[in-house]
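Here is a short briefing on a protein structure. Look at the sequence and the model first, then read the points below.

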Amino acid sequence: MEKFTTLSAIAAALPEANIDTDKIIPARFLKTTQRTGLGKNAFDAMRYLPDGKENPDFVLNKEPWRKAEILITYDNLGCGSSREHAPWALLDFGIRCVIAPSFADIFFNNCFKNGILPIRLPREICDQLMADASMGSNARLTVDLPRQVIVRPDGQEVPFEIDPFRKHLLLEGLDDIGQTLQHETNIEGYENRENRDKPWMPSIHID
Amino acid sequence: MGPRTLFDKIWDDHVVETLPDGTSILYIDRHLVHEVTSPQAFEGLRLAGRKLRHPEKTVAVVDHNVPTSDRTQPIEEADSRNQIETLERNVKEFGVPYFPLLSANQGIVHVVGPEQGISLPGMTIVCGDSHTSTHGALGSLAFGIGTSEVEHVMATQTILQRPAKNMRVTVDGTLGAGVSAKDIMLAIIGHIGTAGGTGHVIEFAGSAIRGLDMAGRMTLCNMAIEAGARAGMVAPDETTFEYVRGRPFAPKGEEFDKAVAYWKTLASDEGAHFDKEVTLRAEDISPSLTWGTSPETVLPITATVPNPADEADEAKRTQMQRMLDYMGLEAGQKIAGTPVDVVFIGSCTNSRIEDLRAAAQVAAGRKVAEGVRAMIVPGSGNVKRQAEEEGLDQIFLDAGFEWREAGCSMCLGMNPDRLTPGQRCASTSNRNFEGRQGPGGRTHLLSPAMAAAAAVTGCLTDVRELA
């Protein structure tokens with residue numbers, strides 16, 4: 001996983017609530033067995049017209065937002081399906097940071113696992129950042145994870161909260177399986193207790 | 001320790017260790033795997049030289065991509081075939097128990113788990129699929145995870161989690177004619193919204209919930225995710241124990257009695273704290289359906305489509321208008337009487353034998369309206385076989401329904417079962433998002449009985465009028 005430290009980038013505003021993961025990447029594109037290559041179909045229904053041409057009105061089809069690395073939306077971003085293909089599609093498109101007043105739980109989690117930083121901020125602040133974003137390439141936002149602030153084009157700083165453990169993993173680009181396996185003795189201890197207390201717990205064997 | 005909720009008890013019982021920042025390593029009793037969200041996880045294990053810590057706590061099945069037509073024929077869509085073959089190679093390489101496509105035990109993972117006794121009360125259950133919440137109907141803590149977490153569970157049999165908040169939704173009273181678990185859940189989502197449960201686990205309680213059979217409870221918990229909740233749960237009771245008894249992988253004899261003794265300790269204690277409480281009266285719930293492209297856009301079948309002009313918030317008003325345009329509906333029109341093109345009875349929400357019986361009761365002696373395509377897709381090979389033993393297949397076939405093989409099918413259209421642009425579908429599935437059942441498709445979520453009523457009348461219909 002790529003480390004996330006400081007990102008200075010173009011931000012795109014998508015002022016909609018309840019952007020579900022089907023909208024981020026429709027089910028018919030989930031037939032891949034890889035994590036990469038989904039970016040061309042990110043937001044497929046919004047990005048392309050029925051004849052397959054780009055929809056010129058969609059923000060991510062316009063300059064300079066084609067190169068956006070930050071996405072700002074309204075409430076409940078990533079609701080619906082648990083598909084990690086949604087953050088994979090965003091990442092493959094180039095998005096490293098998503099900002100919204102609220103997120104669906106699984107999507108929020110999935111972002112961290114892929115080096116995407118999700119930031120919760122109040123709706124009024126999202127509106128201000130969307131206004132910055134609409135100014136395009138003259139108005140880069142700088143997301144400073146170590147200091148936990150977003151620096152707006154006018155230099156104003158917007159602080160944000162993040163779980164310290166997740167911050168650590170993002171900053172170091174760490175795989176959390178390795179982290180958990182450092183606690184293997186405790187996992188074994190748990191398993192011994194469970195085998196003793198719940199002897200009825202079935203093992204599955206299928207011939 | 002003070003009074004605890006059902007969620008608190010299962011959570012406490014599965015914490016391996018709590019890290020200094022409050023994240024817990026939570027032990028996972030059962031991991032369910034399917035072909036769409038697992039290939040990258042297996043690949044990750046392979047690259048890191050890791051194995052599954054406990055393949056015998058894991059079960060794999062193919063469901064999302066599988067055709068629901070003749071299974072003896074090769075799978076036509078190359079990318080679907082590849083995903084299925086990839087799973088088959090992976091389960092062999094990593095020693096994962098697997099129900100193959102041609103097994104009678106194959107089906108939708110959330111139907112197969114409870115049906116086989118693979119999912120049991122008191123367990124922690126995960127799967128790379130948001131509708132894993134279904135298994136909470138047994139009184140387990142079951143939730144959907146992403147593919148990175150799938151890999152984490154495979155390697156460690158644990159997951160990193162922070163405890164959810166507790167929410168209780170109580171439905172007391174007696175359900176009216178034509179009102180099912182689906183209508184209860186639609187009413188709840190309509191009431192609290194698609195983010196109403198975010199950060200919470202919902203426990204469903206009250207006399208109307210207690211009165212539901214297991215299939216009904218699974219329908220409720222299945223759609224807890226549509227209310228934004230991490231999981232849905234119902235406390236295990238006699239209905240649960242009778243359901244579990246005798247299932248192929250459930251404990252037997254003395255072991256079963258020991259398990260039941262433990263499961264009986266799990267119900268929420270008197271006075272346990274809930275961070276959020278919502279109460280509905282069963283008598284206030286009508287046969288319902290959705291009109292828009294979010295599961296919270298719920299209406300009683302007797303109602304009219306809402307008018308965006310009545311919405312104060314501008315962003316919401318715009319969104320409502322877009323939904324009406326997408327759905328091809330007019331503000332203020334009666335929802336009943338809207339013609340449908342397709343009827344889909346199936347999905348992890350409503351494809352169990354009880355759901356098929358409810359649909360068959362409406363279909364019996366009637367004919368699918370001209371020009372309507374009506375499909376029945378049982379949740380598993382076993383559901384299909386049982387329905388055939390009960391003669392339900394004949395009722396459906398006589399009425400002009402298609403009687404298909406088990407799988408996720410038109411719920412998300414990863415297999416050939418898809419809507420074409422503009423088609424309107426009465427669907428027993430769980431999501432009405434734009435393009436969910438096929439690009440441009442229009443979905444109305446409703447119960448199996450209401451779906452059957454739409455099939456035989458050719459339009460969205462109050463099932464009570466067919467009684």
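A residue is buried if 20 or more other C-beta atoms, placed from the backbone, lie within 10 Å of its own; it is exposed if 12 or fewer do, and partly exposed in between. This is a predicted model, so local features need pLDDT of at least 70 and side-chain atom pairs count only at pLDDT 80 or more, while totals for chains, interfaces and linings use all residues. Residues are numbered from 1 along each chain as its sequence is written, and chains are lettered from A and ligands numbered from 1 in the order in which they are written.

**Helix H3 of chain B**

- Helices (H or I, at least four residues) and strands (E, at least two) are DSSP runs, numbered from the N terminus.
- H3(B) covers residues 78-94, and its 17 residues should span 24 Å at 1.5 Å a residue. That expected span is 1.5 Å times one less than the number of residues. The end C-alpha atoms are 24 Å apart, which agrees.
- Its buried residues are Ser80(B), Gln83(B), Ile84(B), Leu87(B), Asn90(B) and Val91(B).
- Seen down the axis of H3(B), these fall within an arc of 125°, so they line one face of the helix. The arc is that of the directions from the helix axis to the C-beta atoms.
- The face turned away from the buried side of H3(B) carries the exposed residues Ala78(B), Arg89(B), Lys92(B) and Glu93(B).
- The buried residues of H3(B) pack against helix H2 (39-48), strand E4 (58-61) and strand E5 (98-99) of chain B.

**Domains of chain B**

- An automatic or database domain assignment sets the bounds. It gives domain 1 (6-163 + 237-260), domain 2 (165-234 + 268-284) and domain 3 (288-466).
- The centres of domain 1 and domain 2 of chain B, taken over C-alpha atoms, are separated by 24 Å.
- Two residues are in contact if their C-beta atoms, placed from the backbone, lie within 7 Å. By this rule, 19 residues of domain 1 of chain B touch 19 residues of domain 2 of chain B.
- On the domain 1 side, E7(B) gives the largest share, 4 residues.

**Where the chains meet**

- The contact takes 64 residues from chain B and 52 residues from chain A.
- On the chain B side, helix H5 (residues 147-156) supplies the largest share, 6 residues.
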